[in-house]
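Trainee: Could you go through this protein with me, one feature at a time?
Mentor: Gladly; open the view and ask whatever comes to mind.

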Amino acid sequence: MKKRIVILGGVAAGMSAAAKARRTDSDAIIEVYTSEEFISYGACGLPYFLSGVIPSYEKLIARTPPFFAQQNIQVFLNHKGLAINSQELTLQVLDHESNLEKKVSFDALVIATGARPIIPPLPGIEAANIFTLKTIPDALRIKDYIRRFQPRNAVIVGGGYIGLEVAEAFIQLGLKTTIIELAPQVAPNLDADLAQLIEQELLQHGVEVKTGHKVLAFEGEERVTRVITDQGPLPADLVLLAIGVTPNSEIAETAGIKLGPKQAILTDNQQRTNLPYIFAAGDCATVYHRLYQGPAYIPLGTTANKQGRVAGTNAAGGQLQFVGVLGTGIAKILNLEVARTGLSTREATQLNLDFNTTVIKSRTRAAYYPESTPITIKLLWQEENRRLIGGQIVGGPGSGKRIDVIATAISAGMSVDEFRQLDLAYAPPFAPVWDPLLIAANQAD
């Protein structure tokens with residue numbers, strides 16, 4: 001009898017699970033139910049679609065339902081999951097187009113419901129010109145609003161990666177842009193000394209940065225005209241909320257599935273939940289952090305794709321494990337490349353680790369080579385064994401992807417002394433004769 005695999009969610013994790021399940025079991029019945037109208041798209045590209053760097057949203061779509069139909073994977077768009085019955089092994093879904101409910105049976109279920117933007121319950125939050133950016137329709141609404149109303153003052157609430165990337169897009173569109181961040185710095189997942197470099201870059205491009213400000217309300221009739229903070233009002237005719245996301249885990253919790261950090265679905269290294277035959281992957285699920293040595297909530301597209309692959313394999317009867325993450329991330333912010341991996345000093349302190357840090361400034365290329373730009377690198381290592389536990393990079397073009405070398409070294413358990421012996425490539429167009437990574441490691445010595 002053919003195995004019936006049902007997947008709830010159709011973006012990164014969901015479609016990765018579907019594709020890998022098909023490669024694992026060529027005969028299985030595979031169905032995907034998603035509440036969205038698009039599948040398998042690169043949400044990380046949405047800020048660049050807003051700015052016009054990417055001319056059409058179609059460029060962000062990797063695969064379509066007809067493509068998956070050719071692999072005998074049936075995709076049901078605009079279908080919302082309502083309830084999971086773990087005893088009957090059924091999923092209750094609502095077809096938004098017909099407004100009809102139906103019960104779908106499964107032998108294995110993969111929950112890949114993703115996450116949704118956090119929307120604080122503040123006065124005026126329902127105004128028509130307050131937006132979030134998580135899906136293609138979100139981006140289309142923002143672009144349509146800018147085209148129709150030609151706003152002049154944009155306020156971004158939140159100074160994380162998404163807020164900073166959208167600030168770049170708004171500047172390119174000619175909007176006077178202000179970032180409001182409750183924390184004392186932008187990029188709260190970086191250390192303050194490197195985050196300061198990002199703030200300087202924003203200020204140089206005309207972005208107003210209001211750190212340590214708390215949003216209290218939004219004023220206006222149908223549309224916001226002012227954002228009220230605890231330190232005064234700010235003019236606004238477009239507001240973007242970018243204060244983080246929360247996992248869509250309610251359907252799992254109601255079914256008796258255990259949750260972990262940030263209310264994300266708790267999974268093991270095979271993406272299994274505590275209930276038999278039910279898996280979870282992507283932004284709705286926890287991930288094992290290799291340095292925390294426990295579950296964490298770090299919603300990233302790279303992780304979603306990897307977890308989806310593991311969940312799809314195991315749902316189809318295979319055996320695959322996900323070894324975990326280091327929280328490696330990268331972003332382009334105006335003329336800067338920003339990256340981090342492993343632990344920040346705040347995280348290392350919370351874990352009660354005895355550690356040291358070093359910070360160096362260098363150049364991305366040979367100083368005499370055209371377009372050589374500054375780069376700042378910070379390394380963290382444990383005191384007792386000198387093992388690398390973290391790295392952060394802020395610099396010009398050619399800086400950011402060096403973070404992958406640090407992530408590889410941490411994954412391999414390298415000490416800072418072993419790290420400085422690495423045989424890294426050199427040519428003037430790519431690096432100084434002493435790569436900045438090696439300079440940082442030598443400084444640590």
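Trainee: How many residues does helix H4 have, and how far does H4 reach from its first C-alpha to its last?
Mentor: Before I answer, keep in mind that this is a predicted model, in which local features need pLDDT of at least 70 and side-chain atom pairs count only at pLDDT 80 or more, while totals for chains, interfaces and linings use all residues. Residues are numbered from 1 along each chain as its sequence is written, and side-chain values use heavy atoms, with hydrogens and water left out. Helix H4, residues 136-149, has 14 residues and reaches 20 Å, close to the 20 Å expected at 1.5 Å a residue. The expected span is 1.5 Å times one less than the number of residues, and helices (H or I, at least four residues) and strands (E, at least two) are DSSP runs numbered from the N terminus.

Trainee: Which residues of H4 are buried?
Mentor: They are Ile 136, Pro 137, Asp 138, Ala 139, Ile 142, Tyr 145 and Ile 146, where buried means under 20% relative accessible area, with a 1.4 Å probe and protein chains only.

Trainee: And what do the buried residues of H4 pack against?
Mentor: They pack against helix H2 (46-51), strand E9 (130-131), helix H5 (161-172) and strand E16 (238-241), taking contact as heavy atoms within 4.5 Å.

Trainee: What follows H4?
Mentor: Gln 150 follows H4, and its phi is positive, near 45°.

Trainee: New topic: is Glu 31 buried or exposed?
Mentor: Glu 31 is buried, with a relative accessible area of 8%, and it lies in strand E2, residues 29-33.

Trainee: Which side chain makes a polar contact with the side chain of Glu 31?
Mentor: That of Arg 4, at 3.0 Å; a polar contact is a pair of N or O atoms within 3.5 Å, where within protein one must be able to donate a hydrogen and the other to accept it, and residues adjacent in sequence count only if both atoms are side-chain atoms. Not counting residues up to four places away in sequence, Glu 31 also touches others, including Phe 76 and Val 104.

Trainee: Last one: which element gives the largest share of the lining of the second largest pocket?
Mentor: Helix H6 does, with 4 residues, out of a lining of 16 residues, of which Leu 336, Pro 374, Val 394, Gly 395 and Gly 396 lie nearest the centre of the pocket. On a 1 Å grid over the protein atoms alone, a pocket is an open set of points with protein on both sides within 12 Å along at least five of seven lines, and lining residues have an atom within 4 Å of a point.

Key:
Buried < 20%, exposed > 50% of the residue type's maximum accessible area, 1.4 Å probe, protein only. 1 Å grid on protein atoms, 1.4 Å probe; cavity = no way out; pocket = protein on both sides within 12 Å on 5 of 7 lines; lining within 4 Å.
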